[in-house]
Amino acid sequence: MSKTLPVVRAGSPGHAPVFDKIGIVGLGLMGGSLALAAREVWPSALVIGVDEKDVLERAMVQHAIDVAADDLVVIAEADVIVLAAPVEENVSLLARLDELVPGPAIVTDLGSTKRAIVTAARKLPPRFTFVGGHPLAGAARAGIDHARADLFKGRPWILTPDRDDAGQTIDRLFAFVTALGAVPRLMSPDAHDRLLAFLSHLPQLTASALMRIVGEEAGTDGLALAGRGLADTTRLASSPARIWREVCATNVDHIGDALDQLIRDLQALRGDLAKGDTLERIFGAAAEWKARMPGERPRPDGS
């Protein structure tokens with residue numbers, strides 16, 4: 001049975017919302033931030049949140065949602081359904097939409113990999129239009145308590161359409177994410193997964209492995225002497241393993257290739273520590289690429 005918490009309305013009517021009823025399944029960092037942003041941009045829209053009861057209560061305290069329930073039936077009337085649970089859970093949720101949502105709806109997700117969910121979405125009835133989505137935004141810590149309305153401001157939001165007839169849906173989702181402050185981009189599901197294996201998944205695995213090695217060797221007393229370099233390099237190491245197990249499981253091939261390339265460079269460094277020629281080559285190329293990142297300036301002194 002659905003356990004629905006009271007409706008809480010706030011704000012005054014603003015410009016017309018892209019979607020009148022926004023259903024968000026999963027109110028962690030991403031889903032919670034989306035809810036907060038939507039309520040800030042469109043006070044007249046109805047934001048419906050689905051999650052476990054304790055998460056819903058915290059979301060209500062933050063005024064992130066208007067309607068809260070721990071049963072998916074509450075999204076039956078939503079115009080857009082945003083799947084913001086972990087990747088494999090999102091895939092499972094797709095299979096339940098046919099029985100829960102009787103009318104047409106746009107469906108999207110916020111997952112870090114796209115091929116698995118796009119493949120699953122092909123089985124949806126034609127009254128649903130699915131376009132995969134992934135905002136390239138985040139924080140070192142997950143959960144509704146760390147959600148914020150400005151999380152997506154100025155950040156890319158990749159959309160991965162898989163249907164030739166999704167043009168109107170893409171236009172509406174472009175308007176939706178743009179109003180939330182993000183910058184929409186189109187990409188194929190495979191191109192997305194390949195790129196994110198290097199931009200996001202490899203850095204996460206590397207930071208976590210590095211923090212484990214340093215922590216176990218240095219111990220608490222040794223870590224007390226660490227400078228900002230280690231803290232900055234391992235900022236991602238607080239991320240929850242549960243989410244990343246699913247990311248890795250749905251992008252094995254591309255993440256495996258990314259790890260292989262990193263391992264080759266580390267092995268080359270290991271074999272050339274005394275001479276340093278490999279170090280010079282890798283550090284030089286790294287500095288050049290680092291300088292090309294947005295907001296970066298070359299720092300030849302390494303400071």
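How many nonpolar, polar and charged residues does the lining of the second largest pocket have, by class? The lining has eight nonpolar, one polar and no charged residues. This is a predicted model, in which local features need pLDDT of at least 70 and side-chain atom pairs count only at pLDDT 80 or more, while totals for chains, interfaces and linings use all residues. Residues are numbered from 1 along each chain as its sequence is written, and side-chain values use heavy atoms, with hydrogens and water left out.

**Second largest pocket**

- A pocket is an open set of points on a 1 Å grid over the protein atoms alone, with protein on both sides within 12 Å along at least five of seven lines; lining residues have an atom within 4 Å of a point.
- The second largest pocket has a volume of about 180 Å³, where a volume is the space filled by probe spheres set on the points, and grid points are joined across faces, edges and corners.
- Its lining consists of L205, T206, A209, L210, I213, L259, L262, I263 and L266.
- Helices (H or I, at least four residues) and strands (E, at least two) are DSSP runs, numbered from the N terminus.
- In the class count, Ala, Val, Leu, Ile, Met, Phe, Trp, Tyr, Cys and Pro are nonpolar, Asp, Glu, Lys and Arg are charged, and the others, Gly among them, are polar.

**Largest cavity**

- A cavity is a set of grid points where a 1.4 Å probe fits but cannot get out, and the count comes to one cavity of 30 Å³ or more.
- About 50 Å³ of space lies in the largest cavity.
- The largest cavity is lined by L34, V82, T108, D109, L110, W157, L159, L173, F176 and V177.
- Two or more lining residues come from each of β6 (105-109), β8 and α6 (167-179).
- The largest share of this lining, three residues, is from α6.
- By class, the lining of the largest cavity divides into eight nonpolar, one polar and one charged.

**Aromatic rings**

- The structure holds three aromatic pairs; rings of Phe, Tyr and Trp (its six-membered ring) pair if their centres lie within 6.5 Å, and planes under 30 degrees apart count as stacked, over 60 as edge-to-face and the rest as tilted.
- W42 and F176 form a stacked pair, with 5.3 Å centre to centre and 10 degrees between the planes.
- W42 lies in the loop between α1 (29-41) and β3 (46-50) and F176 in helix α6, so this pair ties together parts that are 134 residues apart in sequence.
- W42 is buried (under 20% relative accessible area, with exposed over 50% and partly exposed in between; 1.4 Å probe, protein chains only), at a relative accessible area of 2%.
- F176 is buried as well, with a relative accessible area of 2%.
- The F152 and W157 rings have centres 5.1 Å apart and planes at 50 degrees, so that pair is tilted; both residues are buried.
- F19, W42 and F176 are linked into a cluster by ring pairs.
- The charged end of R292 sits over the ring of W289, 4.4 Å from its centre; this term requires NZ of Lys or CZ of Arg within 6 Å of the ring centre and within 35 degrees of the ring normal.

- T160 is in strand β8 (residues 156-161) and counts as buried because its relative accessibility is 0%.
- Contact means heavy atoms within 4.5 Å; leaving out residues up to four places away in sequence, T160 touches K114, V118, V131, G132, G133, M187, S188, P189 and H192.
- N90 is in helix α3 (residues 87-94) and is buried, with a relative accessible area of 0%.
- Not counting residues up to four places away in sequence, N90 touches L83, A84, A85, D109 and I117.
- N90 and L223 are 133 residues apart in sequence and 38 Å apart in space, C-alpha to C-alpha.

- D70 lies in the loop between β4 (67-69) and β5 (80-83) and counts as partly exposed at 32% relative accessibility.
- H63 is in the loop between α2 (53-61) and β4 and counts as partly exposed at 45% relative accessibility.
- Phi of H63 is near 55 degrees, a positive value in a residue other than glycine.
- Most residues other than glycine have a negative phi.
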